[in-house]
Amino acid sequence: MYRDRKIAAVVPAYNEEAHIADVIRGLPELVDIVVVVDDASTDRTAEVAAAVGDPRAVVVTHEENQGVGGAILTAHRRALDLGSDIDVVFAGDDQMDPSYLPALLDPIIDRGYGFTKANRFFSRSSFAGMPRYRVFGNIVLSFLTKLASGYWHLFDPQNGYTAITREALELVPFGEISKGYEFENDLLINLNIVGVRALDVSVPARYGTEVSGIQLRRVIPAIGWLLVRGFWKRLIWKYTIRSFSPIALFFFTGFALLLWGVGFGIWVVAETIGPGAATTGTVLLSVVPFLIGVQLLISALVLDIQESPD
């Protein structure tokens with residue numbers, strides 16, 4: 001127990017026989033439950049995890065590979081069944097430093113947050129040695145995730161070192177969350193819809209000898225498409241169905257006016273190519289809706305930022 005809370009470590013693992021024992025052995029005594037989910041590994045991950053002999057540990061094996069998100073969701077379900085109050089994700093490749101566990105737990109217990117996550121980039125030194133394209137990619141992905149999820153104060157969305165309460169998990173529709181590498185982004189979107197307060201915690205990255213299995217050509221389009229769908233999902237559920245907000249009114253009206261302005265402007269240009277010239281009134285029918293649409297979208301964005309549950 002940690003400050004009267006039962007803590008569960010959920011450990012997704014795929015082909016991690018070289019690291020899984022170190023992950024389990026490295027978990028401090030404050031962790032009461034350890035749920036290791038072997039995501040249909042082709043090596044001895046499950047056998048090695050069981051052989052550690054930790055009485056806290058439960059090993060679950062997927063018959064078919066479900067992806068890192070699917071493994072985490074399975075682990076959360078089992079941890080809830082075992083009575084956990086707070087679940088913390090530890091990757092099976094031993095990248096997550098357990099010494100920072102209290103830093104993730106204390107804001108939940110002391111300040112009422114429902115979700116905390118590690119952020120590797122609070123310090124400028126975190127970017128040292130990182131290729132420029134990765135720095136740029138992290139910045140772009142973080143901004144797009146802010147826009148889609150509504151958590152404008154969070155950064156480093158792909159960092160999976162997270163802690164979440166039982167209450168927050170019970171609000172999340174497990175069956176609707178992506179099971180692939182885009183799991184973290186989708187979880188943030190769904191947490192915002194139900195109003196869970198979230199916080200970034202400064203935790204430096206820890207890299208070892210593990211090799212990333214991420215295939216960027218598949219992952220980037222998948223995350224991008226999820227963020228597009230997630231933005232509309234959040235807008236509809238949070239600001240339209242649950243409570244029709246001015247944010248929805250501003251956004252839908254602004255988006256419609258923007259489309260009209262662009263579409264009508266293209267038509268005007270096409271019709272006046274050559275000796276013809278558009279009248280002032282015709283030009284205004286394109287420009288004015290466009291400008292009003294942009295202003296309404298900016299207003300919606302500002303209001304959305306103010307609504308971020310921090």
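This briefing walks through the surface patch, aromatic rings, charged pairs and backbone features of the structure above. The model is predicted, so a pLDDT of at least 70 is needed for local features and 80 or more for side-chain atom pairs, while totals for chains, interfaces and linings use all residues. Residue numbers start from 1 along each chain as its sequence is written, and side-chain values use heavy atoms, with hydrogens and water left out. Helices (H or I, at least four residues) and strands (E, at least two) are DSSP runs, numbered from the N terminus. For accessibility, buried stands for under 20% relative accessible area, exposed for over 50%, and partly exposed for what lies in between (1.4 Å probe, protein chains only).

**Nonpolar surface patch**

- Val262, Ile266, Val283, Val287, Phe290 and Leu291 make a nonpolar surface patch of about 490 Å². Patch residues have over 30% relative accessible area and no salt bridge, with nonpolar side chains (Val, Leu, Ile, Met, Phe, Trp, Tyr) joined within 5 Å and like charges within 9 Å. The areas come from the Shrake-Rupley method with a 1.4 Å probe, and for residues only the protein chains shown count as cover.
- Two helices, H9 (246–271) and H10 (280–306), each bring at least two residues to the nonpolar patch. The most come from H10, which gives 4 residues.
- Val287 belongs to helix H10 and is partly exposed, at a relative accessible area of 36%.

**Aromatic rings**

- Rings of Phe, Tyr and Trp (its six-membered ring) pair if their centres lie within 6.5 Å; planes under 30 degrees apart are stacked, over 60 edge-to-face, and the rest tilted.
- The whole structure contains 12 aromatic pairs. One of them joins Phe143 and Trp152 edge-to-face, at 6.1 Å centre to centre and 65 degrees between the planes. Phe143 is partly exposed at 44% relative accessibility, whereas Trp152 is buried at 15%.
- Phe251 and Phe255 form a stacked pair, with 5.8 Å from centre to centre and 5 degrees between the planes. These two residues are 4 residues apart in helix H9, so about one helical turn separates them. Phe251 is buried at 13% relative accessibility, and Phe255 is partly exposed at 31%.
- Phe251 and Phe255 also belong to one aromatic cluster with Phe231, Trp232 and Phe252.
- A charge meets a ring at Tyr113: the charged end of Arg197 sits over this ring, 4.1 Å from its centre. This label requires NZ of Lys or CZ of Arg within 6 Å of the ring centre and within 35 degrees of the ring normal.

**Salt bridges and a polar contact**

- There are 9 salt bridges in the structure, each a side-chain nitrogen of Lys or Arg within 4 Å of a carboxyl oxygen of Asp or Glu.
- Asp110 and Arg3 form a salt bridge, and their closest N and O atoms are 2.4 Å apart. This pair links distant parts of the chain, 107 residues apart: Asp110 is in helix H4 (residues 101–111) and Arg3 in the segment before strand E1 (7–13). Both partners are partly exposed, Asp110 at 48% and Arg3 at 39%.
- Arg120 and Asp156 form a salt bridge with closest N and O atoms 2.6 Å apart. Arg120 lies in the loop between strand E5 (115–119) and helix H5 (132–149), and Asp156 in the loop between H5 and strand E6 (162–165), so the pair ties together parts 36 residues apart in sequence. Arg120 is buried at 16% relative accessibility, and Asp156 is buried at 0%.
- Asp54, in the loop between helix H2 (45–51) and strand E3 (57–61), is buried at 17% relative accessibility. Its side chain makes a polar contact with the side chain of Arg56 (2.8 Å). Such a contact is a pair of N or O atoms within 3.5 Å; within protein, one must be able to donate a hydrogen and the other to accept it, and residues adjacent in sequence count only if both atoms are side-chain atoms.

**Positive phi**

- Asn15 is not a glycine, yet has a positive phi of about 55 degrees. Asn15 is placed in the loop between E1 and helix H1 (20–26) and is partly exposed at 28% relative accessibility.
- Asp94, another residue other than glycine, has a positive phi near 65 degrees. Asp94 is in the loop between strand E4 (86–89) and H4, partly exposed at 26%.
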